[in-house]
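Subject: Structure handover

Hi,

Here is the structure I promised you. Please open it beside this email and follow along.

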Amino acid sequence: MEITNVSEYENVAKQKLPKMVFDYYASGAEDQWTLQENRNAFSRILFRPRILIDVSKIDMTTTVLGFKISMPIMIAPTAMQKMAHPEGEYATARAASAAGTIMTLSSWATSSVEEVASTGPGIRFFQLYVYKDRNVVAQLVRRAEKAGFKAIALTVDTPRLGRREADIKNRFVLPPFLTLKNFEGLDLGKMDQANDSGLASYVAGQIDRTLSWKDVKWLQTITSLPILVKGVLTAEDARLAVQSGAAGIIVSNHGARQLDYVPATISALEEVVKAAQGRIPVFLDGGVRRGTDVFKALALGASGIFIGRPVVFSLAAEGEVGVRKVLQMLRDEFEITMALSGCRSLKEITREHIVADWDTPRTHPRALPRL
């Protein structure tokens, strides 16, 4: 069957992958309400397209932290990609580079920062979990910096791992032939079988629950790399991120894998953007499956988006070729959405190009009547 959109890769991945692996990638926390909502919320935003505009030339290029990329579509950190495909993070890195965009490597990758750097040129960010042993953290950040990574995406929503019931049922554990490569030499690369989720036990043992805003400052003392705070959902925390010297914010609910019943990221985005007041860029991940979703996020003030699950599902289905296809499909859809909305560059995408179901006649002159 020919794949014509990003979402179709999920079914292919489900057929190809062992149940434990597919469930790990696909599932969310507890009732998985937020998992559904991350998608559903996009469908409550409609377009107000402008017509009779010369859209013969469309420019999708943008700049992220000073780095020029081909489109505002980037790759989010997803853990343990060699469970999806033998080439894992290598394939993802090559696909991102070929597409002229940014890849974020997970702390819990099955390939090391050095290995990913060795795949060739490309702009790469490193996602960081803060371990109890701060020497481990400092060493890891130095290695990422040395390997040419350009920013740190600090995950701030995981003092404990969310309750992912599929992983508990499956007794999820990293397959024995794989390791968390960045931690291999530190005796932190293996995950023991547990009587619930092996990852939850690993997190409970290793990840620092005392993490606070002062650690964002501390991180700036050990690296000159810009720090993106990943996992912000409120105006209050957006303001604190700005105050703490963050270079940017990623509005994220961790793919709905941490706290269930938080809003969809697309619903939280505008609040965060307004609080940041243009002082630092705001990005979004969570639920993006269409070029129309990308446009909606930009119309609400995002500087770009990151995709997670589409990467691991397409990787499982077709390796590097699959990831390339996902990036190309989203690019093509986004370009068509821009053209049909009457936008020739990213700066022409405005709040006036959409209407959301939370808009009221008071907040938006073109609010939809309540049905």
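One thing before we go on. This is a predicted model. Please keep that in mind throughout.

Next, find helix H8, residues 198–206. Gly198, Leu199, Tyr202 and Val203 are buried there. Seen down the axis of H8, they fall within an arc of 135 degrees, so they line one face of the helix. What covers them includes helix H2.

The spacing has a simple background. An α-helix has 3.6 residues a turn, so residues three or four places apart point the same way.

Now move to helix H3, residues 33–40. Its buried residues are Thr34, Leu35, Glu37 and Asn38. They fall within an arc of 165 degrees down the axis of H3, so they too line one face of their helix. What do the buried residues of H3 pack against? The partners are helix H2 (19–26), helix H11 (265–276) and helix H13 (309–341).

**A helix pair**

Helix H10 covers residues 235–243. It packs with H11 at an angle of about 35 degrees, and the two axes are 8 Å apart. The crossing of H10 and H11 is right-handed. You can pick out the residues that meet. On the H10 side they are Ala235, Glu236, Ala238, Arg239 and Val242. On the H11 side they are Glu271, Val272, Ala275 and Ala276.

**The annotated residues**

An unreviewed UniProt entry lists Tyr24, Tyr129, Arg164, His254 and Arg257 under "binding site". The lining of the largest pocket includes Tyr24, Tyr129, Arg164, His254 and Arg257. Under "active site", the unreviewed UniProt entry lists His254. Let's take three of these residues in turn.

Tyr24 sits in helix H2. Is Tyr24 buried or exposed? Buried means under 20% relative accessible area. Tyr24 has a relative accessible area of 4%, so it is buried. Leaving out residues up to four places away in sequence, Tyr24 touches Ala79, Met80, Met83, Arg164, Asp167, Phe172, Leu199 and Arg257. Leu199 is one of the buried residues of H8.

Arg164 lies in the loop between strand E7 (151–155) and helix H7 (165–169). Its relative accessibility is 4%, so it counts as buried. Apart from neighbours within four places in sequence, Arg164 is in contact with Tyr24, Ser27, Gly28, Leu199, His254, Arg257 and Gln258. Look for Tyr24, His254 and Arg257 in that list; the record names them under "binding site" as well.

His254 is in the loop between strand E9 (248–251) and H11. At 11% relative accessibility, His254 counts as buried. Beyond residues up to four places away in sequence, it touches Tyr129, Thr155, Asp157, Thr158 and Arg164.

Asp31 is in the loop between H2 and H3. Exposed means over 50% relative accessible area. Asp31 has 56%, so it is exposed. Not counting residues up to four places away in sequence, Asp31 touches Asp260 and Tyr261. How many residues apart in sequence are Asp31 and Arg164? They are 133 residues apart in sequence, and 9.1 Å apart in space, C-alpha to C-alpha.

Ser345 is also in a loop, between H13 and strand E12 (354–356). Ser345 has a relative accessible area of 12%, so it is buried. Setting aside neighbours within four places in sequence, Ser345 is in contact with Asp59 and Met338.

**Where to look again**

If you have time for one more look, go back to Arg164. It is in contact with both Tyr24 and His254. Tyr24 is in helix H2, while His254 is in the loop between E9 and H11.

Best wishes

How values were computed: Residues are numbered from 1 along each chain as its sequence is written. This is a predicted model: local features need pLDDT of at least 70, side-chain atom pairs count only at pLDDT 80 or more; totals for chains, interfaces and linings use all residues. Side-chain values use heavy atoms; hydrogens and water are left out. Buried means under 20% relative accessible area, exposed over 50%, partly exposed in between (1.4 Å probe, protein chains only). Helices (H or I, at least four residues) and strands (E, at least two) are DSSP runs, numbered from the N terminus. The arc is that of the directions from the helix axis to the C-beta atoms. Contact means heavy atoms within 4.5 Å. UniProt positions are given in the numbering used here, feature names are shortened, and annotations may be inferred rather than shown by experiment. On a 1 Å grid over the protein atoms alone, a cavity is a set of points where a 1.4 Å probe fits but cannot get out, and a pocket is an open set with protein on both sides within 12 Å along at least five of seven lines; lining residues have an atom within 4 Å of a point. Axes are lines fitted to C-alpha atoms, for helices over the stretch in contact, and angles run from 0 to 180 degrees between N-to-C directions. A crossing is left-handed if the near helix is turned anticlockwise from the far one by less than a right angle, and right-handed if clockwise.
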